[in-house]
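Subject: The model we talked about

Hi there,

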Amino acid sequence: MQRIAFLGLGAMGARMATHLVKAGYPVTVWNRDPAKALSLQQSGAALANTPGEAARDADVVISMVSDDAAARSIWLNPHTGAAARLQANAIAIECSTVTPAWVRQLAGAVHSRGAQLLDAPVAGSRPQADAAQLVFMVGGEDHTLTRVRPVLSTMGAKVLRVGTVGQGAVLKLAINALFAAQLHSVAELLGFLTRNGYAPAEAADLLAEFPVVAAPISAAAKMMAARNREPLFTIDLIEKDLGYLVDTAQVSGAELPGVAVARMTFQRAQRLGLGGANVSGVAAVFE
């Protein structure tokens with residue numbers, strides 16, 4: 001089986017790596033806080049001291065971290081980075097939600113080693129990661145994806161090739177913006193309904209009866225009504241993604257006025273001290 005290095009064991013990465021270990025892949029993991037690797041070690045994963053050490057003997061190297069800065073540190077740090085230690089013909093996979101610009105920079109570093117890069121961000125949160133029901137949006141060569149499709153399928157329900165390197169990041173930012181816009185609208189309208197005779201839970205239940213409200217948005221509305229802010233996908237993260245989208249749009253000349261409005265709402269939630277709360281916490285802006 002392919003030897004896998006998994007870099008980043010946060011809420012998503014730890015769950016994804018666990019599926020690979022359970023499937024029998026030889027997995028070496030790295031995390032900034034090695035204590036978070038303990039359960040994976042107990043399940044059979046090896047622990048590396050640096051990203052480069054993890055990548056050195058791997059056929060497939062997967063990164064799942066929070067942002068461009070964290071990814072750049074993992075891959076390109078001159079002393080500990082993974083990119084410079086890739087084997088020729090290895091496949092690097094960037095699963096983090098990052099900018100297309102960063103992905104294309106990383107591609108240059110990976111290709112210089114004779115290795116290949118896929119950008120493969122995911123749709124889904126912790127429950128989908130637990131259940132191996134993530135959807136991968138893969139940018140890169142089809143023959144490269146073919147080599148690692150079984151690896152990605154171990155962690156997800158769908159593996160979609162969406163274009164060349166960088167296109168996965170473009171689509172992921174668009175998907176997250178669509179989610180953010182819907183969350184903003186539902187939060188705003190729950191505030192309207194509760195000021196016009198409906199109890200919050202009643203309003204959320206009624207919205208779920210209509211086909212224009214998708215199941216994930218209905219679930220978010222019910223969390224808003226219950227003031228359930230347990231973090232699955234945080235306000236800080238979605239605001240970061242909206243910022244990445246705005247920056248990317250400026251380069252391409254796209255206009256995103258609706259995204260700008262939604263982003264301001266999430267920024268208002270941050271100013272209320274809710275950055276670490278689940279995205280359902282955005283409803284507090286309209287309470």
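Let me start just after helix α10, where Arg227 takes a positive phi of about 55°. Helices here are DSSP runs of H or I with at least four residues, strands are E runs of at least two, and both are numbered from the N terminus. Please keep in mind that this is a predicted model, in which local features need pLDDT of at least 70 and side-chain atom pairs count only at pLDDT 80 or more, while totals for chains, interfaces and linings use all residues. Residues are numbered from 1 along each chain as its sequence is written, and side-chain values use heavy atoms, with hydrogens and water left out.

Helix α10 itself spans residues 215-225, and its buried residues are Ile217, Ser218, Ala220, Ala221, Met223 and Met224. (Buried means under 20% relative accessible area, exposed over 50%, and partly exposed in between, with a 1.4 Å probe and protein chains only.) Their cover includes α8 (167-194) and α9 (200-207).

Now the aromatics. Rings of Phe, Tyr and Trp (its six-membered ring) pair if their centres lie within 6.5 Å; planes under 30 degrees apart count as stacked, over 60 as edge-to-face and the rest as tilted. By this rule the count comes to one aromatic pair. The ring centres of Phe179 and Phe233 are 6.5 Å apart and the planes are at 10°, so the pair is stacked. It links distant parts of the chain, 54 residues apart: Phe179 sits in helix α8, and Phe233 in the loop between α10 and α11 (235-252). Phe179 counts as partly exposed because its relative accessibility is 23%, whereas Phe233, at 17%, is buried.

On to the strands. In β4 (residues 60-63), Val60 and Ile62 point one way and Val61 and Ser63 the other, and all are buried. Strand β1 (residues 4-7) pairs with β4 in the parallel sense over four bridges; strands pair if DSSP finds at least two bridges between them. Ala5 stands opposite Val61. Four bridges also join β4 to strand β5 (residues 91-94), again running parallel, and Ser63 has Glu94 of β5 as its bridge partner.

Last, have a look at Thr144 in helix α7 (residues 142-155). Its relative accessibility is 1%, so Thr144 counts as buried. Leaving aside residues up to four places away in sequence, Thr144 touches Ile91, Gln116 and Leu118, where contact means heavy atoms within 4.5 Å.
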